[in-house]
Amino acid sequence: MSNLYPTIGLEIHAELLTKSKVFCTCSAEFGGEPNSRCCPVCSGLPGTLPVLNHTAVEYIIRAGYVTNCEISRFTKWDRKNYFYPDLPKAYQISQMPRPVCLNGYVDIVAGGKEKRIRVNRIHLEEDAGKLVHDEATRSSLADYNRCGIPLIEMVTEPDFHSAEEVVAYVEKIKLLYKYAGICDCKMEQGSLRCDVNISLAPKDSKELGTRAELKNLNSTKAITRAIEYEIYRQTEIIESGGRVLQETRRFSDTTGETTALRSKEDAHDYRYFPDPDIPPIIFTEEELAAIKEALPEMPQQRKERYMSRYGLAETDADNIINDKDICDFYEAAIKAYDKPKAVANFMLGEFLRRINLGEMSMTSLKFAPEDLARLIELGDTDKINKNNYKTIFVEMINTGEKPDAVCDRLDLWVKDDSSAVEAVIDKLIADNPKPVEQYRAGEQKVFGFFMGQANKALKGQATPNTIKAILEQKLKG
Amino acid sequence: MDIATLDHICALSKLNFTEEEQKDMLGQMTDIIDLMDTIKEYDITYDDTKDHNEIGYGDLRKDIPAPSFPTEKLQQNTTPRDNCYVVPKMME
Amino acid sequence: MDLKNITAAQLRRMLDSKEIGAKEAASEFLSEIKKNDGKVLSFITVTEDEAMKNAEAAQKRIDAGNAAPLTGIPIALKDNLCTDGIRTTCSSKMLGDFVPPYNATAVEKLIKDDYTLLGKVSMDEFAMGGSTQTSAFAKTKNPYNTECVPGGSSGGSAAAVSAGFCTAALGSDTGGSIRQPASFCGVTGLKPTYGRVSRYGLVAFASSLDQIGPIARSAEDCGIILNAIAGVDPHDATSKDVPFTDFNEKLGKSISGMKIAIPKEFYGDAVDDEVKTAVMNAAHEYEKMGAELVDCSISTLKYAVQAYYLISSAEAASNLSRYDGIKYGLRGEGHSFDEMIRDSRNRGFGAEVKRRILLGNYALSSGYYDAYYRKALALKQQIISEYNAVFDKADVILTPTAPSVAYKIGAQDNDPVKMYTADICTVTVNIAGLPAINTTCGYNAAGMPIGMSIVGRRFDESTIIQTADAFEKTFSPVRCTL
C-alpha cells in the first residue's frame, strides 16, 4: 500500500434559476431551438452592453449565506479574455479580485465522520454557449442560447482527501442550493457542474503534489470514478519515478479513464481586468439583511421543526429533508392534513418504497399532496380500512384518480355492518375448529390469524376495531 | 520589446505578421512602450474602492424576461447552418 | 437656397415657418454632398432614400404642428453608431459589410424626433486615431485645406459639418475624437459628461472613456442635439440618471463673475505659439465680459497620454476580440478556428488598430499588469482628484484643444508616438469623465482654424455651452470654401 495521500479541491458551477439571463433580458430557460433565446447583447454584437440582473445578485448572496460566507460590501466584475467559438464576445464576464462571497464553510458527514470544508469564494459570471461538432463537414456549430445564463462558481479549499468526502459535499451543496431556490442542480443537464483538482503527496509531506484538474464530471458517480482513477494513475506515475504534469484532464464515462485535454489557449493568460461596462456594486447592511431574511427555510431548520414539533425521529427527518421534492411534497401534504407524524409514516413507508421500486417519480407524479393527505385522513378516521391503503395508492400512482373516487369505484368504504361481520366470523369459527380450540386454551397469538382471515373476507369494509370486538366476543364462545 | 514578447502578445491578440511587418511593428511597439515606461517613475498606488463609480444594489435591472430577437435578423451578417454559427471543427 | 452655413436653430425656424420644406432641405444637402464630397471624402454611405423618407415623415409632423427641435434637420452619423439595416463599418475592412440589426439608443432618439439621416460619415478605423487617415474607406480631408487632415477620429463628422454637407453630425469622443476634429475643421463639438448619453449601439473602442456627442455650427446647436440624445438608458448601466431640462437654459446669460481656470501645463512647449496666443486672446475676451481668469495646475498632465493609451488600448484589445469572423465581419480562411480567426483579424484590421490591440494586451498580460494597467488606473484617480481641486475654485477650465492646427496629410504616418502625444490637450477630460466643448477661437496665418476647449464640472454641460456661446457671439467665423 502506497503512503501517497490525495488532496482534493473542488470547483462547482451552478446555473441560477433566474427568469432572464444575467446581462440581458432573454429567457434563461434551458434548451430551445438553436439561437432562439438570443439577442444582440448575448450574441456579442458590436455596440451592445451588459446590464446586470438584480435577482442573479440576490441568488449568489443566498448561496453565500447558506454556505456561511462573508458577503463583500463592495463587489465588481472583470473580463476574462480568451478566444473560443462558444464565447461570442471573446471574453467572459466574471469576477476576479472582488467576488460577492468569501471565506465560508460547509459541514459534511462522510464515512460516519463530521468534517468542515472551507469555501474559498463564490463569484457570479455568465455561462458560455454550446458547440456541436459535425464530422461530415469538419465544422462545429455554435448555439448561444446558453450564453449569458447566470452561473455561480464556488471554489473550495483543498480540504478533501477522498472521493467519498467530495461526493458528500456535492450532495450537500445540491441540497443547500435547491432549498435556497437558486439552482435546480441537475447534473445531467449541466445546471450543476463540478471540476476536481487532485494531487498526491506522501502523507507526512508539508507540500502538496502537482495537481491535475478533472473536467466533465456530470454525475456523482463520475466524480467517484474519476477521482479513483486519477489516484490510481498518479500513484502509478509517482511510484515508477515519474512526474505528474499540471494539466486539465477530461473524464470519459465510457472508459472510466481520464485523458489530457489539448491546451486551448497558449499560456492561459486571461488578462483579467475590471469590466468598464458594469459599475461595481455596493450593498447596504439593510439590503443584505433583507436578502438573508427572505431566504427560504433551509433543510436544517426543517429538520429541527420535524423533530421538535412533529416528534419525528432524526433518521426519519433526515430521510424527508434529503430530497427537496419529497420534503416539499410532505410540507404541502401536512398543510392539507395536519397530522405530520401519520403523513411522515406513510411517506417514509409506502411512498418511498414505490419510488425506490421505480413505480413513481417525483418529477412526474399524477396526484397532488392533498390527495395523499386525504388518503391518510380516510384511514385515520376509519372511513376506509388501512389495509386498503396500498390498493388505493396504486390507483393514485397509475391514474391520478382521487382516493374518494377510487373507494367509490372499488367499493372500499368501511360500512361497519355488524351482521355482515358476524356472519363472516361465524363462518370462520365454524370452518376452523382447531384454532378455536387453541385460542380457548389460551394461545392468544391465534387471534391474529382470525383477524387476518376476517379482514380478508370483509375486504376492508369493516374497521379493525369492529372486527376485533365481535371476534373477541364470539371466540369466548 | 523583443521578438519573443511580440510573438506572445500576437498569440494573445490572434494576430500574425510577416517578417517584414514584424520588424516594423517591433520598432513601433518599442517606441510606444518607451513612452509608456515613463509612468514607472510616478509613485502611486491604485485603490479600486476609491473610484466612486459604484451603483447601489437597488439600481440593478429587475429580472423580467423579454422576447428574444428574431434569429434570422440576428444572423444577417453571417451564413448560419441549422440556425447555428459555423466554425472550423474544434478539437477538444 | 444656400443652407451651408445655417445652424439647426435657424433651419428649425425656416422649416416651421414653411420658408423651406424638409424634403427641399434634404435634397439641398444631398446635392451638395454629390457635388463636393469628392474633394472631402467625408461620407462612407450616403442614405439618399432614407433621407427622403425621413424628410417626408418630418414634413408631415411639421405640417401637423408638432415638430420636435430636430424634426427635418439633416444630420450625418459617425459610422460607429449602429443603424438598423444601414451598413455600419467603423471605417474598418473588418466591418465593411456589417449591417446592424438594431439602432443605437442615441440614433433611436433622433428617429423619435423625425430627424433626416443623410448618411454615415468616415472616421479613424474603430475611432483609433486623430486624422481619419486610418479609415479603410474614406480618408477624409480638411475642407479648409484638402492637403490637411480633418483631425479625428470623428473627422468625417467635423469635415461634413464644416463643408456644409449637413447641418450637424454625431461623433464619438474617447480621447478628443469630437473636440480635436471640430477644432481642425473650425466647427463646434461637444463631448458630454461620461454617462450623459447612452453608449448602447456605439461600437465600443474604450468603454470607460467613449461618449457620443454632437458636432455642429454653434454651441447652441450642440445643446439642441444634446437635449435630444441625452438621458439614462436601461441598456447602458454606465449611463446616469441626472435630470436636465434644457442644456441651452443658460444661453445668453451673462458670464460676469464666472471663474475660468487656466491650467499652466496646457500652455507649455508642446503647444504651438499661434495656438496659445489665440486661446489666450479668447481668455481675455472673457475677461472683458466680466469673467475672472484663475491660474491652476494639472500636474499629472505629463503622464496623461500614457495613462490614456494604456487604459484605452487595454479596453480596446478586449472590445475588439469579438471580431473573429464567425458572427459578422470579414471572415478569413483556415482549417482550424485559430487559423481562421487570425486570418480574419490580419486582413480585417489596419496597422493602427493592430498596434492598439498589441499595446492593450501587453499592458494586461501577466507580469506587466501592475506596472502598466494598474498604474494607469491609479493615475486616473489622481487626474480626477486634480480636476476636482480645480473645480473647487473655478467654474470652467479653458485649454487649447490641440497643440497645433490641422497638419499635412502624411505628416504623422508611421510615427505613433508623435501621433499619441498630440492628444495631450484632450485626453484628461475623458479620463476624468468631464464634459468639454470645442469652439473656434481664431485662425492662423494660413487661415486654418484654431480651437479652444471649455471643460466643465461633471453633468454641467449647460455652463460650458453658455461659455462657448458667449464667445461665439463675439466672433466672426470664416467659413471654408471648397
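This is a predicted model: local features need pLDDT of at least 70, side-chain atom pairs count only at pLDDT 80 or more; totals for chains, interfaces and linings use all residues.
How many salt bridges does the rule find across the interface of domain 1 of chain A and domain 2 of chain A? The count is zero.

**Domains of chain A**

- The domain assignment divides chain A into domain 1 (4-285), domain 2 (297-410) and domain 3 (418-476).
- Between domain 1 and domain 2 of chain A, the contact involves six residues from domain 1 and nine residues from domain 2.
- The centres of these two domains of chain A, taken over C-alpha atoms, are 36 Å apart.
- Domain 1 and domain 2 of chain A bury about 670 Å² between them, and carbon and sulfur atoms account for 73% of that area.
- On the domain 1 side, the most area is lost to domain 2 of chain A by Leu175(A), Lys178(A) and Tyr179(A), which together give 85% of what that side buries.

**Second largest pocket**

- The volume of the second largest pocket is about 1,300 Å³.
- Its lining consists of 39 residues, and domain 1 (4-285) and domain 2 (297-410) of chain A each supply at least three residues to this lining.
- Nearest the centre of the pocket lie Glu171(A), Lys172(A), Leu175(A), Pro299(A) and Asn322(A).
- Helix 2 of chain A provides the largest share of the lining, seven residues.
- The elements of chain A that give two or more residues to the lining are helix 1 (54-66), strand 6 (101-110), helix 2 (163-180), helix 5 (299-308), helix 6 (314-321) and helix 7 (324-336).
- By residue class, the lining of the second largest pocket holds 17 nonpolar, seven polar and 15 charged residues.

**Interface of chain B and chain A**

- The size of an interface is often quoted as the accessible area lost when the parts come together.
- For chain B and chain A, the buried area is about 4,300 Å², with 58% of it from carbon and sulfur atoms.
- Chain B brings 38 residues to the contact, and chain A brings 59 residues.
- Arg81(B) and Asp134(A) form a salt bridge through their side chains, with an N to O distance of 3.1 Å.

Note on methods
Residues are numbered from 1 along each chain as its sequence is written. Chains are lettered from A and ligands numbered from 1 in the order in which they are written. Side-chain values use heavy atoms; hydrogens and water are left out. On a 1 Å grid over the protein atoms alone, a cavity is a set of points where a 1.4 Å probe fits but cannot get out, and a pocket is an open set with protein on both sides within 12 Å along at least five of seven lines; lining residues have an atom within 4 Å of a point. Grid points are joined across faces, edges and corners, and a volume is the space filled by probe spheres set on the points. Helices (H or I, at least four residues) and strands (E, at least two) are DSSP runs, numbered from the N terminus. Ala, Val, Leu, Ile, Met, Phe, Trp, Tyr, Cys and Pro count as nonpolar, Asp, Glu, Lys and Arg as charged, and the others, Gly among them, as polar. Domain bounds come from an automatic or database domain assignment. Contact means heavy atoms within 4.5 Å. Buried area is the accessible area (1.4 Å probe) that two parts lose on being put together, summed over both. A salt bridge is a side-chain nitrogen of Lys or Arg within 4 Å of a carboxyl oxygen of Asp or Glu.
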